Structures are given as structure tokens and as C-alpha cells.
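Hi,

Here is the structure you asked about. Please open it and keep it beside you as you read.

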Amino acid sequence: MNDRANRLSRNVDCDGTPAAGGWDFIAQRIAGILLAAFLTGASIPAMAKLPTPDSLPTDDEWRLLPAYCPDTQGFKYGHNSPNAPKWVSIMGETFWGLHHYCLGIMKFNRSQMLGYPPEIRSGIRVSALGEFAFVTRMMPENYILAPEIYTYIGRTHLLLNDPDEANAAFTRARTIKPDYWPAYSWWATYLADHGQKNQARAIATEGLEHSPNSRTLQLIMRDLDGKKVSSGTNEKSTTR
């Protein structure tokens, strides 16, 4: 996650569609592309095709997944990736179940593709939660990826318009790793966008106490309070 992604999320409704006012622009662009294709006899680009909801990752989707995903079970190397020992030494035996996490991330991303009907997108999100839940049942409480996984669970619940479950997941992530800034920023952004600015300010303030160099949290506080963002700060997620 980065600042740009976090800010862009604020221009998207909770179901993943553009915020009010954005459809006219998108419709005009699409109409222009289709008209140009018709007049020139060109075909619609192949990238317009959506993957089937349950298919394996496409080449483009692989690029969005963590580096270890191709080496998890059932993907590019089946059950015997030559790189598996390296990942097990870093991630422990839970690595053997991380293919579910990789599938969950893929489904989370896929569920925001606008070409799917709403009911399909909702179903993909529920399926993503199932993949994430599988990993949470087998991983240690303080697992290295636990904050990241629970944050994905929280974000998925937001897309399903279930803020109570989202809050519980973000809280779990923050409890496991108090300086994991995305668990604060996603929830604070949601609260701010839904008129709960005092609660958003409290979450962002708590996050900055643990992760003072988080530019994303600084930007949220700037939006809430008009504070200036300090320059030259760096932030990195430490769970990957």
C-alpha cells in the first residue's frame, strides 16, 4: 500500500465503484473509444476481457501479488517449488497454506473490476474472506503476515458494507503490530469519509504515536486538521 493508493481509495465508493460524479467522465471516455473502434474497424483490446471469477491469476494479476505467491502450493510449481525452502525459513510452516492468502488477494483485487455484475463482485469478496480465514486458522497469533492479512480482511468487509466486522479486523491487526500503519489509515479514511471525523482523528493520532513517519497518516491528519505534512519521510510496510 502507498500514499497514492490510499488517496485514490477516497475517490471510490465502498463497493469499489467511482464516487458520485465520476461516471459521466468514464462513460464519455468509453463511448469515445468504442466510436473510434467502430469508425476505424479496430477491434476492442483483449485487455477488456475479464478473467472468470474462479480462474487462476493472469499474467497481469501475478504482478500484483507478493513475490512468494508463485512458489506456494498449486501454482507455477505445483507442490514442489525449488524456492519453497527459502520461504519456509522466512515464513515458517504456515507458508504451506499461503496459497489461500494469495488467492484471497487475487479475489480481493478482482472483485473491484467494474466489468463484473454487482452480485458477482459481492460473491468474489465473500470467497476472498474464506481464503483469508483459512490462513488465520492455521497461522500463529503473532505470525509475520498477521497484521497484513487482518487488514485485508478489514478492507474486504468495507467493500461488503460491513463496517463492524471491518473495525474488528483492523483492531486485531493493530493489536498484533501497533506500528502497522495501514490498519489505522484504512479505518480512519473510512470514518472520515462517513462523517465521523472525530473518530477518524483519534485513530490517525493513535497510528502516528506508533508510526510517526507514516506519510499516509500525516496526509489524513492534514485533511482532518489542516496540518502541514513534514517532508522527507519514508514509510514501509514491514510484514512483507
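A residue is called buried under 20% relative accessible area, exposed over 50%, and partly exposed in between (1.4 Å probe, protein chains only). By that rule, Cys102 is buried, because its relative accessible area is 1%. Cys69 is buried too, at 0% relative accessibility.

A word on the source. This is a predicted model, where local features need pLDDT of at least 70, side-chain atom pairs count only at pLDDT 80 or more, and totals for chains, interfaces and linings use all residues. Residues are numbered from 1 along each chain as its sequence is written, and side-chain values use heavy atoms, leaving out hydrogens and water.

Next, confidence. pLDDT is the predictor's confidence in each residue, from 0 to 100. The protein averages 80, and 74% of the residues score at least 70. Over residues 1-48, pLDDT stays under 50.

Now the disulfide. The cut-off is a pair of cysteine sulfur atoms within 2.5 Å. That gives a count of one. Cys69 is joined to Cys102, with 2.0 Å from S to S. The two cysteines are 33 residues apart and link distant parts of the chain. Cys69 sits in the loop between helix H3 (59-62) and helix H4 (84-91), Cys102 in helix H5 (residues 98-110). Helices are DSSP runs (H or I, at least four residues), numbered from the N terminus. The S-S torsion is about -90°, so this disulfide is left-handed.

Last, Glu131. Helix H6 (residues 118-138) holds Glu131. Glu131 counts as buried because its relative accessibility is 11%. Beyond neighbours within four places in sequence, Glu131 is in contact (heavy atoms within 4.5 Å) with His100, Leu103, Gly104 and Lys107.

Best wishes
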